[in-house]
Protein chains: 2
Amino acid sequence: MKHDMPYKLILTENELATQWYNVRADMSKKPAPLLNPATRKPVTLDELSKVFCTELAKQELDDTTAYIDIPGEIIDFYRMYRPSPLVRAYFLEKALDTPAHIYYKFEGNNTSGSHKLNSAIAQAYYAKKQGLQGVTTETGAGQWGTALSMACSYFHLACDVFMVKCSYEQKPFRREVMRTFGASVTPSPSDTTNAGRDILKRFPGTSGSLGCAISEAVESAVTRPGYRYVLGSVLSQVLLHQSIIGIETQLALQKYGVKADIIIGCAGGGSNLGGLISPFIGEQLRGEANYRFIAVEPASCPSLTRGTYAYDFCDTGRVCPLSKMYTLGCGFIPSANHAGGLRYHGMSSTVSELYDQGLIEARSVEQSEVFKAARDFARVEGTLPAPESSHAIKVAIDEAIKCKESGEAKNIVFGLTGTGYFDMMAYQRFNDGTMSDYIPTDAEIAKSLADLPR
Amino acid sequence: MKHDMPYKLILTENELATQWYNVRADMSKKPAPLLNPATRKPVTLDELSKVFCTELAKQELDDTTAYIDIPGEIIDFYRMYRPSPLVRAYFLEKALDTPAHIYYKFEGNNTSGSHKLNSAIAQAYYAKKQGLQGVTTETGAGQWGTALSMACSYFHLACDVFMVKCSYEQKPFRREVMRTFGASVTPSPSDTTNAGRDILKRFPGTSGSLGCAISEAVESAVTRPGYRYVLGSVLSQVLLHQSIIGIETQLALQKYGVKADIIIGCAGGGSNLGGLISPFIGEQLRGEANYRFIAVEPASCPSLTRGTYAYDFCDTGRVCPLSKMYTLGCGFIPSANHAGGLRYHGMSSTVSELYDQGLIEARSVEQSEVFKAARDFARVEGTLPAPESSHAIKVAIDEAIKCKESGEAKNIVFGLTGTGYFDMMAYQRFNDGTMSDYIPTDAEIAKSLADLPR
């Protein structure tokens, strides 16, 4: 095969970013502030610092500083697995017989298996710097928990993970990765917190939920000295750390002389999408370039395409601050046949505001077509993608096929957030032909939206 | 942390090797030839070509050509995941407080999760080029089967994998990766071959063995037109393809001005070790350099350290050619508590001959200390290693500690063959403290050696 450029558009370690980019600084209309649910007033640094590390709380509230220095210790850690490759999907292009040029930013080449590590290491660093003893968090299938346990191990920080009980029991492998990195993993609901004991009393035999695990993790952090709570998506601080994805993508495209036309990312809470597109959105906001951005979400959890833009609780347990976001209602839980992540009821406030301003398009896709795209991609590109990432693959393929029809050689860039090695039970359902789709009815969404805080 | 060189010693795609290196060409005393077990004469190309692809049979028998061109189609595929990184283990050095410099060649950043893909893609290519319809093979835990299914998918070749039944049932995840890549995976013993039916009749309810799976795979290949059998280790052709590991390592060290003192690899059948050390052994044989080479094997399957150098069957089923090798006897099966691979009864004829000539040292290690090294490595270097690879980590750490005692700043290079994502059940045993060791008794080894062919 003749290549007009390398398969991997590699940056050197010398080209590692030294600053994160805070897209909120370039937005003339900012994302709405977090509100204290009791007072309905914007949360203060003092309030946030009781739950989060102080430096992270500051980052959460800072919507004016465009560039924030990445501490040297974090850059040292990034060196282990960054810059991540931007890959030209020659083999996918060939299989699709498309004139489009397809590129993907691959975040899966680290042991956590996803982009989550980019923020986990930052949050662990600030916790360590603050002199904390440890952090708490919740995890569903375990991608975030794995990343956090690696980061805490690196900084010799205790890491207490509340893992949704059904995942703890049915998906033991990520649990064991976390334990190997020294994390303490507790099935949630547990009898170690008031929240857990309360749920266990009201619903004996429950297999748990993310909302319950959040409540336990938050309680466990705020009731113990030397502990804070950390979160892997949704928050503005997470988007800030994840901007490293977009900064590297932008630099690699510049280095190799490529101008992106369409930039595509999967969207659950918005951590990957927000990080990938931030610097490009910045260019657009400053009038320096013009891109199409596409957020891809599961049809079974369609916060952008079918949700409402309103203040809602960040958590099912209704203890966290209120965030203005596209939401399905904080009580919304995706259908049980939904595989993989991207199951959060809302969307990061920044992505929500950009979408509301018409800067981002959104599309929802059903999981059986997502897994088909995943399989087709794996067979030609040699990388088994995570189900989450495969949402972006599906739409990248759709756009490349449109290019074939129109004869346009567009440059399509998408985020391949991670690998699917711990998702083989879902792949098995797909391989066996027993995977099903579910699209919530309007009535179901209306019902969970009826509970929005007023 | 101040670095005197980058964390990753990266080669560009332009530096990808265009030739494999055949170390046998530089050996004045060659490895002993394969023998036909019926005639006790060296196997001929005609005989071998009934089982293997013709081009691969030629490579198997060629012990004089030092450099063999890598076909362009294979280089294209290598581009997807090669050159693989040579990583400076700064964080491990710091944790050990050693003056040694430690480097590892990491082969795990591809979906098959190991170096096996380097030979799988070559074998699939030659099968395709010969106009074959498909290939058959056996797999235990599935590392080789996964790599082969990826390679066959790429070349649109049928791939029939006989997977040891207990692994098929207890380790379903690699099975599903293979199926996702379109391979047909059959639990062995099966009723699809005479060999399988015979075993099932004699041992109803057996959970299978690698030896039985080999017999079924060979039968399935030779009894069907358009099929050949392929194997992921032991053979000289495999060492040839795996020389890409050593060639890149050698080039990266040269590029960054590092002279290796000790080169360490884990050793089961010898595919990784042989590939890693081949070009360095070549230098040594030509009098251009002087290295220490250390092969690390499990104490539970110690072919080099406790086996005999003799002709033995390559397979437990005693249908394949005889190979002169360090062997524990082809009936040797490691204790049931042995986790991971490196469970082959013998050692590649090339590695065996180099060991017999005193060019390589060998060391055996117990698995609980191997998993401890794996965990310690993961916690500082951020990569969860395969149990197989961790044998090399253990000895690299041992050597680095010796350097600390002696004050020597040696350059230690080891092969990190793959990732442990599909080995979490073994890690769980380690995390739970229920992992045990087993060293076979002299009587056990003598018993299996008593059955050597005479």
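**Entry 1: domain 1 against domain 2, chain A**

I began with the salt bridges between domain 1 of chain A and domain 2 of chain A, and the rule finds two of them. I note at the outset that the model is a predicted one. I then looked up a salt bridge between A:Asp26 and A:Arg286, whose side chains meet at 3.0 Å, N to O.

I next asked which elements supply the domain 1 side. At least two residues each come from α11 (236–255), α12 (271–285), β12 (308–313), β13 (322–327) and α14 (349–356) of chain A. The largest share of that side, 10 residues, belongs to α11(A). Sorted by class, the domain 1 side that touches domain 2 in chain A holds 17 nonpolar, 20 polar and eight charged residues.

**Entry 2: domain bounds and buried area**

I checked the bounds: in chain A, domain 1 covers 8–15 + 82–113 + 236–449, and domain 2 covers 20–69 + 115–229. Their C-alpha centres lie 22 Å apart. The contact draws 45 residues from domain 1 of chain A and 44 residues from domain 2 of chain A.

For the area buried between the two domains of chain A I noted about 3900 Å², with 62% given by carbon and sulfur atoms. On the domain 1 side, A:Gln237, A:His241 and A:Phe422 supply 18% of the buried area, more than any other three residues.

**Entry 3: chain A against chain B**

I turned to the pair of chains. Chain A is superposed on chain B by a rotation of 180° with 0.0 Å of shift along the axis, at an RMSD of 0.0 Å. The two copies are therefore related as by a two-fold rotation axis. I found that 100% of the contact residues of chain A recur in chain B, so the same surface serves both copies. Within chain A, A:Asn109 comes closest to the rotation axis, its C-alpha at 3.0 Å.

I recorded 42 residues of chain A in contact with 42 residues of chain B. Between them the chains bury about 4200 Å², 56% of it on carbon and sulfur atoms. In chain A the most area is lost to chain B by A:Phe173, A:Thr180 and A:Tyr421, together 17% of what that side buries.

**Entry 4: polar links between the chains**

I listed four salt bridges across the interface of chain A and chain B. One of the salt bridges I looked up joins A:Glu13 to B:Lys8, with the closest N and O atoms 3.9 Å apart. By class, the chain A side that touches chain B has 19 nonpolar, 11 polar and 12 charged residues.

Conventions: Residues are numbered from 1 along each chain as its sequence is written. Chains are lettered from A and ligands numbered from 1 in the order in which they are written. This is a predicted model: local features need pLDDT of at least 70, side-chain atom pairs count only at pLDDT 80 or more; totals for chains, interfaces and linings use all residues. Side-chain values use heavy atoms; hydrogens and water are left out. Copies are superposed by least squares on the C-alpha atoms of residues with pLDDT of at least 70 in both. Contact means heavy atoms within 4.5 Å. Buried area is the accessible area (1.4 Å probe) that two parts lose on being put together, summed over both. Ala, Val, Leu, Ile, Met, Phe, Trp, Tyr, Cys and Pro count as nonpolar, Asp, Glu, Lys and Arg as charged, and the others, Gly among them, as polar. Domain bounds come from an automatic or database domain assignment. Helices (H or I, at least four residues) and strands (E, at least two) are DSSP runs, numbered from the N terminus.
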